[in-house]
Amino acid sequence: MKSIFISDAHIIDPSQGIDSPGNLLLEGEKIVWSGTGKPERIPDEASIIKANNLILCPGFIDLHCHLREPGYEDKETIATGTMAAARGGFTTVCCMPNTNPPIDNRSVVDYIKNKASTEGVIRVLPIGCITRERKGDALADMGELDSAGVVAFSDDGNSVMNSRILRQAMEYSRLFDLPIIEHCEDSLLAQGGQVNEGIIATRLGLPGIPVAAEESIVARDILLAELTGAKLHIAHVSTRGSVELIRQAKQKGIRVTAEVTPHHLTLTEEKVLGYDTSAKVNPPLRTAEDVKALIKGLAENVIDAIATDHAPHTRVDKQCEFATAPFGISMLETALGILMGLVHDGKLDLPLIISKLTREPAAIIGNRAWNLGTLKTGAFADVILIDPEKAWIVDPERFASKGKNTPLAGVRLKGKVIATIYRGNLVYKDSSLKIE
Amino acid sequence: MTTWQEDGSTLLLTPRSGVTTSVWRHHHILDLDDFTPEEIDLVLHIADAMKDVLARPIKKVPALRGKNVITLFYESSTRTRLSFELAAKSLSADVSSLAAASSSITKGESLVDTFLTLQSLGADVVVLRHPQSGAPELAARYISASVINAGDGWHAHPTQALLDIYTIKQHKQSLKGLNVVIIGDTRHSRVARSNIWGLTIMGARVTLCSPPTLLPSGLSSASSWFPRVRVETNIEKALQGADVVMVLRLQMERMQAGLLPSIREYIQLYQLNENRLALAKPDAIVMHPGPMNEGIEISPEVAHCAQSVINEQVTNGVAIRMALLYLLTRSKKA
């Protein structure tokens, strides 16, 4: 059985409240020991990694990404998407069902799981559709999807606009106690919108997406969660008003959780000036005031998790007129680097960010994510090493992802994933890491 | 005095105080947001010289001989397209026109590929009209020829704004401190946007008068990304003290989109008619970028009254476009 001994690390594991120097022994696909000294026995054949005070933490869990397979393999495949995830420190990703065909039946779930086990380098957990073909008018076979192993239900890319259908989906979801993940956007209010509504939209002559398009659906969904008792998870929160609505809902004890993306935590609407389609994303980048509220919401646990909404597109997809370009940012490989900016600026601390990428997302998909997002003995050996000080320049040409669509090209980030170990296997390592 | 060198390549301008071609920095004309007052002054000054050319019996000078000017229109247009073509021809350029409907664009060719093709074919200047905001900026990133924006989406129509400013300047001593009221659908208007930039750069005060559903968003927030304008939704109040009244075309789609209840109500609330025009300064001028819906946004009486300069705008458009073509092709030699 292969094993890895990581010594001289600084361990951060929010699931156990650990933030201190330590060592870790992995054997087979499990964590078998952690502590400050040495285990009783280190297998002779064990690889030794001297971490030299690098951060050692559980592998990240992404609640929200687009692997594009099946259907859009020119944008991304499970092979390239999971490699991109590994480079970004993710050992588990939940993939959204806006594939072609969409994940609304067992055969697509099986296809993705099969592909992931043969071509993927990390764990892929599919999310099933709420409605058939994501059309919003009839429930998908949620029971079949549940038994096929989906971790949540979502029509991501659309809200379920029909409130009656969503109510029924929420009620029905209680059979499985899996979360309903809603992309909150009133499709009529947002119709034709390209960027955040406001002065930047006016300057560019582009139709805006008002904050009320998001907030009105957040409010409706919270009311329906209260009515039905379902587990509601709000995807990619982007506005100050949404944070307030979620805060109030949590105070009332409604079962709601929320996620925010690295880009909404760090970038503002000015990024689209010059019609930069790589910054065109839905929900749109908002104002500095919204960014501030999102950071505060994260720090105060109103927002539970950070999710990438990794949305790869081809060069041709994005190299066009702004309104023709699809929404989305390729984010898996830059997530940690851009989030570390918040740490270096003193806005958030590193254990909190790691918690939002490990323990918290594991709790949201709790039923199917047992043993994930933790360094407890017996847990899966999904661990990563981070150098918080290592500076690097974002070069999309070197992404593992097929999606080179990032507004961060050429930007210098400080903080990098040095190694990713998935179930005891080293699936990514930075060239600087030495293994004995 | 304007003279032409014998080889026909250079337009020599008599120096006028404060005007020099050395202030010109542009390789493309995408919008007026990055123009200086000196550059706008220079364009107006050269347009004067071009107007002299247009007044001659033989309206042709050789300034752009051997240059390829291509007009590429993805939207229908009468005056803008003709105006550019006449301007280029008066400067002796070789002009080719491409209408999107009859080109490879209908076969799915992308804008970038279309521009790379035009580049390979030897274009010196491409005049682009496109229904999507930002298309000229995209094109300009991929082509070494000059791109002139002849109108993109709701975003910009810089040559229209320059001809409007030129027209105003022929009637008013200076733009500084002038009250310019723009009436109509300012939200969807590229003419309004470029005029807001150009007029404020030249020191005029701009008031937008639109129903709230047809106003641009975010104007109340203080931002360095857009000029400060005054908003007055009541037309009578907006017109008081106006030196210039600019009326915008009302698109019939706005009614279908539920932005307005009816044409009848729009006429009642926002049509520029004689009674309302009387609230402006007595020497106020009336402008319209065309094409007009007479009887809707502007009454026929006002459209053709003594204060109307709408026909002058069209004439001035050719001179302005000649000036821009001259400046762009000239700047490449430097």
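This is a predicted model: local features need pLDDT of at least 70, side-chain atom pairs count only at pLDDT 80 or more; totals for chains, interfaces and linings use all residues.

Me: Now chain A. Which residues of H2(A) are buried, and which are exposed?

Reply: A residue counts as buried if 20 or more other C-beta atoms lie within 10 Å of its own, and as exposed if 12 or fewer do. In H2(A), A:Val108, A:Val109, A:Ile112 and A:Ala116 are buried. They share one side of H2(A), because they cover an arc of only 105° around the axis. On the other side, A:Ser107, A:Asn114, A:Ser117 and A:Thr118 are exposed.

Me: What do the buried residues of H2(A) pack against?

Reply: In chain A, their partners are helix H1 (78-87), strand E7 (90-95), strand E8 (123-126) and helix H3 (142-148). As for its length, H2 (residues 106-119) has 14 residues and reaches 20 Å from first C-alpha to last, close to the 20 Å expected at 1.5 Å a residue.

Me: How do I read a sheet?

Reply: Strands of a sheet pair through backbone hydrogen bonds, either parallel or antiparallel. In chain B, an open sheet of five strands runs in the order E9-E8-E7-E10-E11, with parallel pairing. Its edge strands are E9 (230-231) and E11 (285-287), each pairing on one side only. Strand E8 (residues 205-209) of chain B pairs with E9(B) over two bridges, in the parallel sense, and B:Thr207 stands opposite B:Arg230 in E9(B).

Me: Where do the two chains touch?

Reply: There, 19 residues of chain A are in contact with 23 residues of chain B. Helix H5 (residues 199-204) of chain A gives the largest share of chain A's side, six residues. By class, that side has nine nonpolar, seven polar and three charged residues.

Me: Which residues of the largest nonpolar core touch the most other members?

Reply: Of its 239 residues, they are A:Leu56, A:Phe153, B:Val126, B:Ile183, B:Val245 and B:Leu325. Helix H12 (residues 310-333) of chain B gives the most to this core, with 10 residues. For a close-up, pick A:Phe153: leaving out residues up to four places away in sequence, its contacts include A:Ile127, A:Met142, A:Leu178 and A:Ile181.

Technical notes:
Residues are numbered from 1 along each chain as its sequence is written. Chains are lettered from A and ligands numbered from 1 in the order in which they are written. Helices (H or I, at least four residues) and strands (E, at least two) are DSSP runs, numbered from the N terminus. The expected span of a helix is 1.5 Å times one less than its number of residues. The arc is that of the directions from the helix axis to the C-beta atoms. Two residues are in contact if their C-beta atoms, placed from the backbone, lie within 7 Å. Ala, Val, Leu, Ile, Met, Phe, Trp, Tyr, Cys and Pro count as nonpolar, Asp, Glu, Lys and Arg as charged, and the others, Gly among them, as polar. Two strands pair if DSSP finds at least two bridges between them. A nonpolar core is a set of buried Ala, Val, Leu, Ile, Met, Phe, Trp, Tyr and Cys residues joined through C-beta atoms within 7 Å.
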